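Reader: I am new to this structure. Please walk me through how to read its features, one at a time.
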Amino acid sequence: MRILLISPGSPASFAYQAPLGLAYILSYLKQNGFADTAFFDRYNSGEGDLRKAVRRLRPALVGIQCQTPMRHEALRLARLVKDEHPEARVVFGGVHATFLSRQLLEHYPQVDYVVRGEGEVPMLDLARRLAAGREADGVANVSFRTGGRVVENPLGPPLGNLDALPFPEYFEHYGEEGGARKKTGEILTARGCGAACNYCSVPNFWGRPRFRTPGNVADEIEHLVRNHGVQYVRIVDDTFTADMDRAAAISDEILRRGLEVPWRCATRADCVSKELLALMARAGCIYVSYGVESASPAILKTIHKNVSPEQAEQAIAWSQEAGMVIEVCFMVGNRGESQQTIDESKALIRRLKPEVYCVSAAVYLFPGTPLYRYAEQQGFVDETVWLKDEPVVPYTAEQPLSQLAEWQAQLMRELGMARGFWHYLAHVRRVAHHTPLRRLPRAGYHFLRTNLLALFSGSDGKRD
Ligand code: B12
Ligand code: SF4
């Protein structure tokens, strides 16, 4: 049976990252007897190319990734597939599809099945069933329509041993690092998270944290470097150092094998030590991203981010001592945000002086998060919001978007100026360099609106 997997792509203003979820499913299907599985990335190919591919391949099963902001694109591509090849069965997977499986099946006839949660095993089971001419009843994690109603099969157990998975297929791509174009690879070393930040769906989606062993992680890095010539590795885990001993063991393994490849990761400030960061730096870690989110103890408590501003300051100082480039991320618009909490964050930013930064334009409600449930209970949203055109839903129950934009601009300006004007310009250049040419106008507009205007306006958040 022929299968086609489709990534609907990422929105403008994001540097390309490989869709690892589909890459895992691709290699898993191939390893388990579905060698005739193709992959199509909408990010770097046009819709006409997809039409041609569907006409040429005539796949029996088409898998499409569906995250919340890209759901319309995913649905449109599913329609396109059905137009070109009506016999194809379309299966959706990914975070949005998982939490909105029933809605997708009830409202969109172009979606035949939804795989909920971790996708490798259910997708394989579904493919085997369909190849044998049978239906999806009884396949764990799968939702489908039958006799005019939606059936949601129960979830199976999560994968117990992540080391047993084949490495995800590598798709050649390049990123900009330190001013040079480098062949890049992404890896995921764990699934799940033990924390409970109220804006995040990871704990609900993946469940308890599961870790790959240090040897298996180093094997994949070695494979990327030696077999694909990868020159830069992005570890995309939410909290790479959640298990600090394991992060140290991975660094040791990289050093022992002499894998001289620079890499980056993201983590939490309460999961690092001076020694660990120094070891990671020796092993090639040149860039660490910290989700600081806010300096207000009240907000940190509300969002269940159990990291204090002092811990953030300490972790960033250690990382800078180790010679790493530091990225910090802040959020604007959490419950209880006010000019006072923004001022607290600004004061922290002045002390942190990060090299790179991001500030959310608002806090967005995503299905599967405690914040979304709270907003639902408060009557601010209901499930019909996902049927509307807006790609994302900002949490504006307490503040209008204009206020949030102004606060975002204040933080951006503080961050931009924390290390001086020339550093700020260098950052602008780096961002522009990361952005594909055809996406520059939109990204530029967004950047100007949220960033430069605030930088030169002299506004300090005081409204006229
Ligand atoms: C790397 C990453 C990115 C990369 C995306 C790279 C890419 N091309 O996929 C970048 C930086 C571009 C990105 C951007 C954004 N991201 Co992001 N991202 C992640 C992160 C950290 C890892 C994703 C990943 O690779 N996971 C590993 C793979 C193995 O998991 P997976 O993709 O979910 O795939 C598995 C299953 O979902 C399923 N599956 C997935 N697709 C399919 C398809 C089929 C057919 C089947 C059967 C199964 C299946 O099987 C896979 C294997 O088990 C996750 C958090 C996380 N831990 O997952 C957040 C996450 C996915 N991102 C999130 C968000 C919010 C965003 C942004 C909106 C951020 C923003 N504020 O703008 C944007 C939107 C991007 C978009 N395209 O819509 C949310 C998603 C919430 C939601 N409901 O959609 C997550 C869960 C983080 C969170 N804190 O809640 N992101
Ligand atoms: S934001 Fe990060 S630390 Fe918080 S729950 Fe999500 S994955 Fe875990």
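Reader: In which helix does Gln 339 lie?

Author: Some ground rules come first. This is a predicted model, where local features need pLDDT of at least 70, side-chain atom pairs count only at pLDDT 80 or more, and totals for chains, interfaces and linings use all residues. Residues are numbered from 1 along each chain as its sequence is written, chains are lettered from A and ligands numbered from 1 in the order in which they are written, and side-chain values use heavy atoms, with hydrogens and water left out. Helices (H or I, at least four residues) and strands (E, at least two) are DSSP runs, numbered from the N terminus. Gln 339 lies in helix 13, which covers residues 339–352.

Reader: Why does Ser 251 count as buried?

Author: Ser 251 counts as buried because its relative accessibility is 0%. Ser 251 sits in helix 9, residues 244–256. Contact means heavy atoms within 4.5 Å. Setting aside residues up to four places away in sequence, Ser 251 touches Trp 263, Leu 279, Met 280 and Ala 283.

Reader: Which residues does Glu 47 contact, leaving aside its neighbours within four places in sequence?

Author: Glu 47 is in contact with Arg 42, Arg 76, Leu 77 and Leu 80, with those neighbours left out. Glu 47 belongs to helix 2, residues 47–57. Its relative accessible area is 24%, so Glu 47 is partly exposed. Glu 47 and Thr 98 are 51 residues apart in sequence and 25 Å apart in space, C-alpha to C-alpha.

Reader: How is the protein chain divided into domains?

Author: Domain bounds come from an automatic or database domain assignment. Here they give domain 1 (3–146) and domain 2 (173–457). The contact between them takes 28 residues from domain 1 and 33 residues from domain 2. Their C-alpha centres lie 28 Å apart.

Reader: How much area do domain 1 and domain 2 bury between them?

Author: The size of an interface is often given as the accessible area lost when the parts come together. Buried area is that loss, found with a 1.4 Å probe and summed over both parts. Domain 1 and domain 2 bury about 2500 Å², with 57% of it on carbon and sulfur atoms.

Reader: How many salt bridges does the rule find across the interface of domain 1 and domain 2?

Author: A salt bridge is a side-chain nitrogen of Lys or Arg within 4 Å of a carboxyl oxygen of Asp or Glu. Across this interface the rule finds three. The total count comes to 34 salt bridges.

Reader: Which residue forms a salt bridge with Arg 102?

Author: Glu 106 does, the closest N and O atoms being 3.5 Å apart. Both lie in helix 5 (residues 101–107), four residues apart, about one turn of the helix. Arg 102 is partly exposed at 38%, and Glu 106 is partly exposed at 48%.

Reader: What does the pair of Arg 257 and Glu 222 tie together?

Author: Start with the bridge: the closest N and O atoms of Arg 257 and Glu 222 are 2.8 Å apart. Arg 257 lies in the loop between helix 9 and strand 13 (263–267) and Glu 222 in helix 8 (residues 214–228), so the pair ties together parts that are 35 residues apart in sequence. Both residues join a network of salt bridges that also links Asp 219, Arg 226, Glu 253 and Arg 256.

Reader: Where is Arg 58 found?

Author: Arg 58 is in the loop between helix 2 and strand 3 (61–65). Look at the backbone angle there. Most residues other than glycine have a negative phi. Arg 58 has a positive phi, near 45°. His 304 also has a positive phi, about 60°, although it is not a glycine.

Reader: Which residues are around ligand 2?

Author: A residue is near a molecule if one of its heavy atoms lies within 4 Å of it. The shell around ligand 2 includes Cys 193, Cys 197, Cys 200, Asp 238, Thr 239 and Arg 268, and its other members are Ala 195, Ala 196, Tyr 199, Val 202 and Pro 203. Ala, Val, Leu, Ile, Met, Phe, Trp, Tyr, Cys and Pro count as nonpolar, Asp, Glu, Lys and Arg as charged, and the others, Gly among them, as polar. This shell divides into eight nonpolar, one polar and two charged residues.

Notes: Buried < 20%, exposed > 50% of the residue type's maximum accessible area, 1.4 Å probe, protein only. Buried area = accessible area lost by both parts, 1.4 Å probe.
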